[in-house]
Amino acid sequence: MPSTTVATPSDADAISNTTNAIDKETKQIPLLTRDFESLTNIDEIRECLRLLDEEETRIDVSLDDMLAKETSLEQSLNALNALRPQLGSLKAKSARVIDTVDKTSKLAEVISDKVRQLDQEQSRARQAIQYVEDVQELKYCVATLQEAIQQKEYDEAAVLLQRASKIDPAILNGSLAEFTVPTSENPDHPAKTLADAKANLFAIFSSKFDDAVAQRNQADITRYFKLFPLINCQTEGLDKYSRFVCNIIKARCAEELKTGLIAAPTYFADALTRLFENIAVIIDQHQPLVEQHYGKGKMLRVIQRLQEESDVQSVIILDRFLKARKLESKVRMPSAQSPQAETESTNPLVEPRQLDANLYELSLLSQRSVLFNSFMNERASDEMDVLESDENEKELVMKGKDSKFYGANGLLLSSGLTKRVRELMSSYLVIDEYLLKKSIDKAMKLDDYDPATSQTSTCVDDVFFILKTVMKRCISTYEPEVVSSTVRTTTKILEVGYLNLFQQKMSTVFTAYDTTGRNAERAIEMAKISYMVILNNLDVSADYTHRLAKEVEPNITSGIWLDEESDVKRTLEYIKNFEEFADKFKQLLQNGIEQLMNQILKPRIRPLFQEAYKEVKYVLEEDEYNEADIEERFVKRFRRGFENLISIYRRTLTDNNFSALMGSLLEALTAQWERIVFQTRFNQYGALRFDKDLRSVIHYLSTLTEWLSRDRFTRLNQMSILLNFEEPSEIYDFWGQKAGPVSWRLTVTEVKKILALRLDFDADEVANLLPKSSN
């Protein structure tokens with residue numbers, strides 16, 4: 001009996017894998033190409049049989065579909081058989097058409113070749129005709145040109161020369177022109193004849209133009225100016241016209257310097273301004289004429305020449321300014337002498353009013369120069385933008401100019417005007433520094449204090465009026481380097497001649513008064529007032545410094561700077577450096593208030609409490625409590641003593657300084673009061689009295705200043721809360737997790753000390769409250 005083999009799960013998986021592999025391999029081999037006789041595996045045989053069955057089914061279905069369409073296929077075949085005779089006839093006709101088209105195509109090619117030959121012949125004929133016509137045009141122009149020159153018909157001659165110049169140079173230099181154009185009157189080669197005519201006309205136009213300029217004949221000036229481009233002399237014509245307008249500028253400038261009163265404070269600034277205005281007007285008035293006859297962008301050549309002339313005339317004006325104002329002597333004298341010298345007050349060269357007028361005029365000279373340069377740069381840039389699209393036109397305008405000396409807009413990188421103004425600004429800075437020192441020194445010497453009019457002395461307003469004038473004047477020059485140098489000089493002078501003087505006075509103010517004589521009390525009060533005035537001066541000076549920096553910002557942002565974006569940004573940075581000087585005022589002020597507090601006020605706080613607590617106790621019976629509630633001895637004495645203590649400070653100090661002083665004073669006051677509380681004994685009625693005293697004092701102090709930080713009294717308030725407990729154990733309702741929003745400023749040790757001050761509390765119970773680790 002055959003044995004039965006049971007397949008395990010692993011064997012089943014192996015059989016499944018093998019079947020899948022065989023199935024995959026079978027599908028990959030085409031069915032009809034398989035060698036069925038070679039199959040030996042029963043699984044492969046069965047798979048092939050399955051596939052053959054599927055293929056047979058598919059073929060049967062296909063055959064059924066074809067048999068179903070048999071009638072339709074037969075009809076289609078019959079229709080095709082009926083068309084066969086017609087298709088033969090069409091084939092024969094198509095062959096004849098193709099033959100005809102082929103013959104026509106060959107004929108068309110022959111005709112096309114003939115047409116192309118005719119076109120070439122016609123083109124050559126046209127070229128020959130045009131050549132002859134151009135030679136005839138040249139001959140006509142040459143002959144008529146000479147005749148027009150002889151008859152002084154210069155407009156016609158210029159037009160003829162322009163027509164001749166448009167003829168192709170190959171024709172002009174060709175053999176036909178060489179043999180046909182010359183005549184007995186003009187035997188030379190036509191190219192030479194035209195060149196001679198051009199030179200002749202240029203000389204004539206130049207002479208006539210100069211004569212018209214000399215005679216101020218505007219019609220002839222315009223007439224000959226517009227003829228230069230017709231003879232291809234644009235650059236020369238523009239240069240002629242530039243000299244003409246420059247002579248106008250020169251004459252007007254000379255006339256301006258002959259008129260007016262040199263002693264006028266702004267005479268030379270006005271003269272320079274009129275020079276710039278004349279140039280601007282000429283550019284505006286003459287640009288349309290230049291563009292009409294020479295083309296857009298050509299005005300740049302005239303602007304370049306006007307810039308050169310402006311340098312010449314500006315230097316003449318500035319040289320006369322230096323001589324008339326004796327500026328060099330004034331610069332040397334402040335450098336050689338001290339501003340404290342008494343003899344200078346009688347020297348006219350260093351008379352402050354005159355120097356101030358000179359500085360104002362110098363600032364105007366710089367300002368007007370920057371404005372003029374901005375205008376010239378803008379107009380030149382507009383012209384250069386037009387020329388950028390045509391390199392030939394750009395070369396024509398820049399002809400004879402060394403590009404390394406000119407900027408992208410076609411103007412000189414460093415003009416004579418700019419150099420000279422910068423030299424003058426060096427003198428400006430020297431004089432400005434001297435005058436600023438002298439003015440501040442004078443303001444400090446004349447310093448006075450009138451409590452009826454101001455909380456500060458007069459030097460503060462005087463000095464900052466001077467600073468405001470200096471800062472606005474330096475900004476009006478529109479030179480960032482001038483502003484930078486002025487800011488550095490100003491802060492240096494402020495520190496040495498203003499801030500340091502306050503510091504010196506603060507250190508000597510109490511020794512300057514005799515506090516040992518019969519008027520000692522009066523002397524001490526005057527010393528206090530003098531000290532507080534210095535503090536007020538520092539407070540207001542810091543505020544004025546910030547305000548001055550803010551006030552001058554619109555002058556900077558609304559100014560017309562040469563490089564607007566960069567210059568404005570730099571200048572604002574310089575002003576910020578000036579504003580930072582306010583921190584030095586604040587630092588000295590803070591030190592001064594601390595010194596006043598430590599040396600004058602703090603020693604008087606303890607006597608104030610001693611006087612206020614005289615015959616006052618906080619261990620009270622009910623009737624004593626009621627009596628104390630009516631009398632309020634401590635509160636009344638404290639208010640009277642504190643009022644006497646601070647009255648002079650409240651009356652004299654500025655609001656900022658008084659608030660700062662009150663802050664320091666309250667810190668010292670609360671600290672002293674806390675020490676007193678720790679040394680005082682209480683019962684329940686006394687604790688209630690202390691709480692009322694504390695609230696009354698806080699209310700009173702809050703009336704003395706606009707703001708009072710009650711945080712300074714937090715510890716005292718918490719002491720009052722502890723003292724008013726009915727039982728020591730009430731602390732647990734306010735401590736730890738039950739504290740809520742309350743932040744205790746007292747330590748555990750201090751809490752126990754405060755509770756121990758109550759005579760009616762058990763000492764042992766208090767000692768066992770709150771573990772030391774709690775806080």
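Colleague: Is Y478 buried or exposed?

Modeller: Y478 is buried, since its relative accessible area is 14%. Buried here means under 20% relative accessible area, exposed means over 50%, and partly exposed is in between, with a 1.4 Å probe and protein chains only. Bear in mind that this is a predicted model, where local features need pLDDT of at least 70, side-chain atom pairs count only at pLDDT 80 or more, and totals for chains, interfaces and linings use all residues. Residues are numbered from 1 along each chain as its sequence is written, and side-chain values use heavy atoms, leaving out hydrogens and water.

Colleague: Thanks! Where does Y478 sit?

Modeller: Look in the loop between helix 16 (458–475) and helix 17 (480–508). Helices are DSSP runs of H or I with at least four residues, strands are E runs of at least two, and both are numbered from the N terminus.

Colleague: And what is the phi of Y478?

Modeller: Its phi is positive, about 60 degrees, although Y478 is not a glycine. N232 also has a positive phi of about 60 degrees without being a glycine.

Colleague: Oh, where is N232, then?

Modeller: N232 belongs to the loop between helix 8 (218–225) and helix 9 (234–258). With 55% relative accessibility, N232 counts as exposed.

Colleague: New topic: how many disulfides does the structure hold?

Modeller: Zero, taking a disulfide as a pair of cysteine sulfur atoms within 2.5 Å. As for cysteines, C233 is buried at a relative accessible area of 6%, and C246 is buried at 1%.

Colleague: OK, on to rings. How many aromatic pairs are there?

Modeller: There are 35 aromatic pairs. Rings of Phe, Tyr and Trp (its six-membered ring) pair if their centres lie within 6.5 Å; planes under 30 degrees apart are stacked, over 60 edge-to-face, and the rest tilted. One of the pairs is Y613 with F634, whose centres are 4.3 Å apart and whose planes make 25 degrees, so this pair is stacked.

Colleague: Which parts does that pair of Y613 and F634 tie together?

Modeller: Y613 is in the loop between helix 21 (605–612) and helix 22 (622–631), while F634 is in helix 23 (residues 633–652), so the pair ties together parts that are 21 residues apart in sequence. Y613 is buried at 14% relative accessible area, and F634 is buried at 2%.

Colleague: What about F682 and F690?

Modeller: They form an edge-to-face pair, 5.7 Å centre to centre with 70 degrees between the planes. Both F682 and F690 are buried.

Colleague: Last one: which residues do ring pairs link into a cluster?

Modeller: The cluster links Y154, F202, F205, F209, Y224, F225, F228, Y241, F244 and Y294.
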